[in-house]
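Work through the exercises below with the model open beside you. Try each task before reading its solution.

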Amino acid sequence: MKMNYFVVGTNDIHASRAFYDALFEGEELLSMSPSARMTYWIGEGFAFAVARPFDDKPATHGNGTMVGFCVGTKEEVERIHALALKLGGTCEGAPNQRGPKFSAYVRDLDGNKLCLSD
């Protein structure tokens, strides 16, 4: 079994698209929007998406929920973490060695927690 896709909620689809488009720039991901309420970024073997909730209630971040992205190297962890902060994200853990992985944590514009690791 492997992960198929992950969706996080947003209350501002345009701001969220801009955040992730800039964050994922150069990562060779295909971006597609099957509807005005959702955008996917598709890579080899996975998809990540942001969506306005289908029940039309406000999106909230899940306490304890986190999406992890393996970005390949320590330098990429540092670069993407800094970029996320520049784009308006908030730091949840500066780049550092944590056990066997070098990782960093950020929250996107809607408060969804992301982990970036080597």
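The exercises cover a sheet, a residue in a helix, and salt bridges.

This is a predicted model, where local features need pLDDT of at least 70, side-chain atom pairs count only at pLDDT 80 or more, and totals for chains, interfaces and linings use all residues. Residues are numbered from 1 along each chain as its sequence is written, and side-chain values use heavy atoms, without hydrogens or water.

**Exercise 1. Trace the open sheet that holds β1, β2, β3 and β4.**

Solution. 
- Helices (H or I, at least four residues) and strands (E, at least two) are DSSP runs, numbered from the N terminus. Two strands pair if DSSP finds at least two bridges between them.
- Start with the order. It reads β1-β4-β3-β2, with mixed pairing.
- Next, find the edges. β1 (5-9) and β2 (30-35) each have a single partner strand, so one side of each lacks a neighbour in the sheet.
- Then check the twist. From one strand to the next it averages 20 degrees.
- Now take one pair. β2 runs antiparallel to β3 (residues 38-43), over four bridges. In this pairing, S31 stands opposite W41 of β3.
- Axes are lines fitted to C-alpha atoms, for helices over the stretch in contact; angles run from 0 to 180 degrees between N-to-C directions.

**Exercise 2. Decide where S16 sits: is it buried or exposed?**

Solution. 
- Locate S16 first. It belongs to helix α1 (residues 13-23).
- Read its relative accessible area. The value is 3%, so S16 is buried. Buried means under 20%, exposed over 50%, partly exposed in between (1.4 Å probe, protein chains only).
- List its contacts (heavy atoms within 4.5 Å). Leaving aside neighbours within four places in sequence, S16 touches T10, W41, V50 and D110.

**Exercise 3. Which residues are linked in a network of salt bridges?**

Solution. 
- Apply the criterion: a side-chain nitrogen of Lys or Arg within 4 Å of a carboxyl oxygen of Asp or Glu. The whole structure has four salt bridges.
- Take R79 and E27. Their N to O distance is 3.4 Å. R79 is in helix α2 and E27 in the loop between α1 and β2, so the bridge ties parts 52 residues apart in sequence.
- Take E76 and R79. Their closest N and O atoms are 2.9 Å apart. Both lie in helix α2, three residues apart, so about one helical turn separates them.
- Join the pairs. E27, E76 and R79 form the network.
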